[in-house]
Amino acid sequence: MTEVIQAADCSRSTFYLQFKDVFDVYEQLGDELISDVVRLLEESYQEIQEVDFTALSQQIVTFAAEKRDLVKLFFGEQADGTMVNKLGKAIFEEVAHEEQLASNDLYSVAEITFIVAGIIHVLSRWLTFDETTWHQETMMTDLTRILEKF
């Protein structure tokens, strides 16, 4: 805990005013990251009538690259799955809302679930490679090609 407080560059009392413990820090950072992803998705829907998969892929990959360490921590292969599930649920709910899907439209539910889970796992896998192996631009192109199939 001492290392976390030192990294936060604050006093122990200030830290405990904001957080209960190190798990609370983890939870709040994860929730903030998920909110950022949902906001990115909301913005992509607001800007256009139909989702531009190229632009969305670029935004998603750029976001993941910029926050690489946090994304790996919460959604990478070593993550416990809790945040992956929360992210998947948050994205699903946003897409369902934006697309105005009926809850009884089971095909769309399955399709969105499949796409969201795929994107999350492809990105977490991508982050295990170094930039020289799987370039960011290549990931954007690959993700766009996949999304355009749906």
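1. A residue is called buried here when its relative accessible area is under 20%, exposed when it is over 50%, and partly exposed in between. Please keep in mind that this is a predicted model.

2. First, the overall picture. The chain contains eight helices and zero strands, giving the pattern α-α-α-α-α-α-α-α along the sequence. A box of roughly 50 × 40 × 30 Å, taken along the principal axes, holds the C-alpha atoms. Of the 150 residues in the chain, 35% are buried.

3. Two totals may be handy for your own checks. The accessible surface of the chain is about 9700 Å², and carbon and sulfur atoms account for 53% of that area. If you take the contacts between residues at least 6 apart in sequence, 65% of them join residues at least 24 apart.

4. Now to the rings. How many aromatic pairs does the structure hold? There are three aromatic pairs. One of them joins Tyr26 and Phe74: the ring centres are 4.6 Å apart and the planes meet at 50 degrees, so this pair is tilted. Tyr26 belongs to helix 3 (residues 22–47) and Phe74 to helix 5 (residues 68–75), so the pair ties together parts that lie 48 residues apart in sequence.

5. Which ring does the charged end of Arg68 sit over? The answer is the ring of Trp126, with the charged end 5.5 Å from the ring centre.

6. Leaving out residues up to four places away in sequence, Asp36 touches Phe63 and Lys67.

7. Ile91 sits in helix 6 (residues 82–98). Is Ile91 buried or exposed? At a relative accessible area of 13%, Ile91 is buried, because the cut-off for that class is under 20%. Beyond residues up to four places away in sequence, Ile91 touches Val37, Leu41 and Val116. Its C-alpha atom is 8.6 Å from that of Ile34, although Ile91 and Ile34 are 57 residues apart along the chain.

8. Finally, helix 8 (residues 136–148) has 13 residues and spans 18 Å from its first C-alpha to its last, close to the 18 Å expected at 1.5 Å a residue. Its buried residues are Gln136, Met139, Met140, Leu143, Thr144 and Leu147. These residues cover an arc of only 130 degrees around the axis, which puts them on the same side of helix 8. On the other side of helix 8, Glu137 and Arg145 are exposed.

Technical notes
Residues are numbered from 1 along each chain as its sequence is written. This is a predicted model: local features need pLDDT of at least 70, side-chain atom pairs count only at pLDDT 80 or more; totals for chains, interfaces and linings use all residues. Side-chain values use heavy atoms; hydrogens and water are left out. Rings of Phe, Tyr and Trp (its six-membered ring) pair if their centres lie within 6.5 Å; planes under 30 degrees apart count as stacked, over 60 as edge-to-face and the rest as tilted. Helices (H or I, at least four residues) and strands (E, at least two) are DSSP runs, numbered from the N terminus. A charge sits over a ring if NZ of Lys or CZ of Arg is within 6 Å of the ring centre and within 35 degrees of the ring normal. The expected span of a helix is 1.5 Å times one less than its number of residues. Buried means under 20% relative accessible area, exposed over 50%, partly exposed in between (1.4 Å probe, protein chains only). The arc is that of the directions from the helix axis to the C-beta atoms. Contact means heavy atoms within 4.5 Å. Accessible areas come from the Shrake-Rupley method with a 1.4 Å probe; for residues, only the protein chains shown count as cover.
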